[in-house]
Amino acid sequence: MRDKQKETLRLEGRGVIMEEIAPHFFPYVIKWRNDPVLNHFLNQPEELTLEKEQCWYEECYLQDDTQGYMVMVDKQTGTPFGTLGWTDMDVERRQCISGRLLLGDAAYGNTGPFVENFFVLGDYLYGFVDRIYAHVEVKNRKAMHLNKLLGFSQNPGEIQYPEELFVQGDKSRPQVELVRTREDYAQAKKRMFTDIEDVLYGR
């Protein structure tokens, strides 16, 4: 098990740095996750506080090497602007769940750093897995569209995570299980980033 307190994960791209969640990021995350516009589709039943965030971090996150929570940081300015991560990492089955996507600063939408962050993290995760699953609420059309652009499609086979098919077990909030193979990812990366990298960064 990686000691998260001693081995903090840091992933670097051309215009984005993805830093593992740490106490100095708590104010950003709390503000974003409590924003009613941003948290409409989040699996978060109550207001997040500093005390709750600290408790989750120390008692859950640091003790669990199957999950990761990364903060997107603008490489040029050092500004945190969103989060992305994974859960249920299973190196034997070579699969995990992607999630925790939250764009905290709308000014970064459709920018190079925002687009690139999906592939910086994807390159890291596909070093351990062959398939990544995602669960999107049926009514969340924006997230569904984004995931399809990123190479995900509805899982045509056996549902891998039935407990994720409803938000907190609420059957009025059904979710769809999506899956993306390594090959799907490579195609999406070429189409969405590699081929247009210079355009995204204005060079």
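**Disulfides**

I searched the whole structure for disulfides, taken as pairs of cysteine sulfur atoms within 2.5 Å, and found zero. The sulfur of Cys55 has its closest cysteine sulfur in Cys60, 6.6 Å away, which is too far for a bond. Cys60 is likewise in no disulfide, with the sulfur of Cys55 as its nearest cysteine sulfur.

I then looked up how open the two cysteines are. I call a residue buried under 20% relative accessible area, exposed over 50% and partly exposed in between, with a 1.4 Å probe and protein chains only. Cys55 is partly exposed at 35% relative accessibility, and Cys60 is partly exposed at 39%.

**Ground rules**

I note that this is a predicted model, in which local features need pLDDT of at least 70 and side-chain atom pairs count only at pLDDT 80 or more, while totals for chains, interfaces and linings use all residues. Residues are numbered from 1 along each chain as its sequence is written, and side-chain values use heavy atoms, with hydrogens and water left out.

**Whole chain**

I listed six helices and nine strands in the chain. Its radius of gyration is 16 Å, close to the 17 Å that the globule rule gives for 203 residues, so the chain is as compact as a globular protein of that length. The radius is taken over C-alpha atoms, and the rule is 2.2 Å times the number of residues to the power 0.38. For the secondary structure I used DSSP runs numbered from the N terminus: helices are H or I with at least four residues, strands are E with at least two.

Along the principal axes, the C-alpha atoms fill a box of roughly 45 × 40 × 35 Å. Buried residues make up 43% of the 203 residues. I computed the accessible surface by the Shrake-Rupley method with a 1.4 Å probe, counting for residues only the protein chains shown as cover. The surface of the chain comes to about 11,000 Å², and 51% of that belongs to carbon and sulfur atoms.

For contacts I required heavy atoms within 4.5 Å. Of the contacts between residues at least 6 apart in sequence, 64% join residues at least 24 apart.

I also looked at the charges, counting Lys and Arg as positive and Asp and Glu as negative, without His or the chain ends. Each charge was placed at NZ of Lys, CZ of Arg, CG of Asp or CD of Glu. The mean positions of the 25 positive and 33 negative charges are 5 Å apart.

Which residues of helix 1 are buried? In this helix, residues 26-34, they are Phe26, Val29, Ile30, Trp32 and Arg33. An α-helix has 3.6 residues a turn, so residues three or four places apart point the same way. The cover over the buried residues of helix 1 includes helix 2 (50-61), strand 3 (68-74), strand 4 (80-90) and strand 5 (95-103).

Phe25 lies in the loop between strand 2 (16-20) and helix 1. Phe25 is buried at 4% relative accessibility. Beyond its neighbours within four places in sequence, Phe25 contacts Glu19, Glu20, Val71, Val73 and Pro80. Phe25 and Pro80 are 55 residues apart along the chain, with their C-alpha atoms separated by 8.1 Å.

I checked Glu47 in the loop between helix 1 and helix 2. Is Glu47 buried or exposed? Glu47 counts as exposed, at 57% relative accessibility. Not counting residues up to four places away in sequence, Glu47 touches Asn34 and Lys52. Glu197 is 150 residues from Glu47 in sequence and 38 Å from it in space, C-alpha to C-alpha.

**Positive phi**

Asp88, in strand 4, has a positive phi of about 55° although it is not a glycine. Asp88 is partly exposed, with a relative accessible area of 33%.

Arg94 sits in the loop between strand 4 and strand 5. Phi of Arg94 is near 55°, a positive value in a residue other than glycine. At 28% relative accessibility, Arg94 is partly exposed.

**His135**

I found His135 in strand 6 (residues 131-137), buried at 14% relative accessible area. What does His135 contact, leaving aside its neighbours within four places in sequence? The partners are Ile97, Tyr161, Glu164, Gln175, Val176 and Glu177. I also took the C-alpha separation of His135 and Pro174, which are 39 residues apart along the chain, and got 9.6 Å.
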